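Me: I am new to this structure. Could you walk me through how to read a few of its features?

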Amino acid sequence: MKPLNLKPASKKDFNFIDQLCQLSASNQAQWLGDPKIKNLEDLQEKITEYENFFHHCVLTIELDGKPAGFTGLLYKEGDLEATIIGPVLLEQYHTTAFLQIVLDELIGICLNTFDTIYIKIANQNKNLIQSIDEQKWVATNNSTNDIQSYSLKLKRALTL
C-alpha cells in the first residue's frame, strides 16, 4: 500500500466526513469556495443536484491507512468537466505541500475521464490557493471578492 491513497467514500466514512465538513465551515483556513458545505447533509444535497451518487463523487484521503481528509468531484454522468470538492484535511495535514500531493493524486484519477477540472477556493484558504498557484492551474474570470476560481485542462491519455 502506498502512503497516500484516495478511495471512494463509504458509509463507514460518513462521521469522519461530516466532522471535516463542519471543520471547513468553522475554520477560515479551510473554508471552501464552492460548494459551500456545513455538514454531510449539505454535501449529499449538492451531489444529488448533479444527479450522482455519494460513492461516485467523494473520496476519502488516507495516509498510511488512516483517514486524513476527503475530496471529490461534482459532475453529471458523461460530463467532460468536473468541479473539485475540497480537499478538506485534518488540520495537521492542511499544508501547501500535502495539498499539492493530494491534488496530484486527484488529477491522476481525472486524466482519463475529464477534459477540464475546476476548483473554487475561499480567499482565507491560503494553503490551498498557494498549492494551486504553484501548479499549472489557470485563474478564471468568474472569481469574486472572496472566492478565487481556477481551471486545469487535462490531457486525456489514449486508451485502447
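Me: Is cysteine 57 buried or exposed?

Reply: Keep in mind that this is a predicted model. The cut-off for buried is under 20% relative accessible area. Cysteine 57 has 2% relative accessibility, so it counts as buried. Cysteine 21, at 0% relative accessibility, counts as buried too.

Me: How many disulfides does the structure hold?

Reply: A disulfide needs two cysteine sulfur atoms within 2.5 Å. Here there are zero disulfides. For cysteine 21, the nearest cysteine sulfur belongs to cysteine 57, 13 Å away. For cysteine 57, the nearest is that of cysteine 110, at 11 Å.

Me: How do helix 1 and helix 2 cross?

Reply: Two packed helices are described by the angle and the distance between their axes. The axes of helix 1 (residues 14–26) and helix 2 (residues 40–49) come within 8 Å and cross at roughly 100°. That makes the two helices roughly perpendicular. Helix 1 brings Phe14, Ile17, Asp18 and Cys21 to the contact, and helix 2 brings Leu40, Leu43 and Gln44. By class, five of these residues are nonpolar, one is polar and one is charged.

Me: Which strands pair with strand 8?

Reply: In a regular strand, side chains alternate between the two faces of the sheet. Strand 6 (residues 116–122) pairs with strand 8 in the antiparallel sense, over seven bridges. There, isoleucine 117 stands opposite leucine 152. Strand 7 (residues 138–139) also pairs antiparallel with strand 8, over two bridges. Valine 138 has serine 151 of strand 8 as its bridge partner.

Me: Why is strand 8 called largely enclosed?

Reply: Five of its seven residues, 147–153, are buried, so the rest of the structure largely encloses strand 8.

Note on methods:
Residues numbered from 1 in each chain as written. Predicted model: local features only at pLDDT ≥ 70, side-chain atom pairs only at ≥ 80, totals over all residues. Heavy atoms only, no water. Buried < 20%, exposed > 50% of the residue type's maximum accessible area, 1.4 Å probe, protein only. Helix = DSSP H or I, 4+ residues; strand = E, 2+ residues; numbered from the N terminus. Pairing = 2+ DSSP bridges. Axes fitted to C-alpha atoms, helices over the stretch in contact; angles between N-to-C directions. Parallel < 35°, antiparallel > 145°, perpendicular 65-115°, else oblique. Contact = heavy atoms within 4.5 Å. Nonpolar A, V, L, I, M, F, W, Y, C, P; charged D, E, K, R; others polar.
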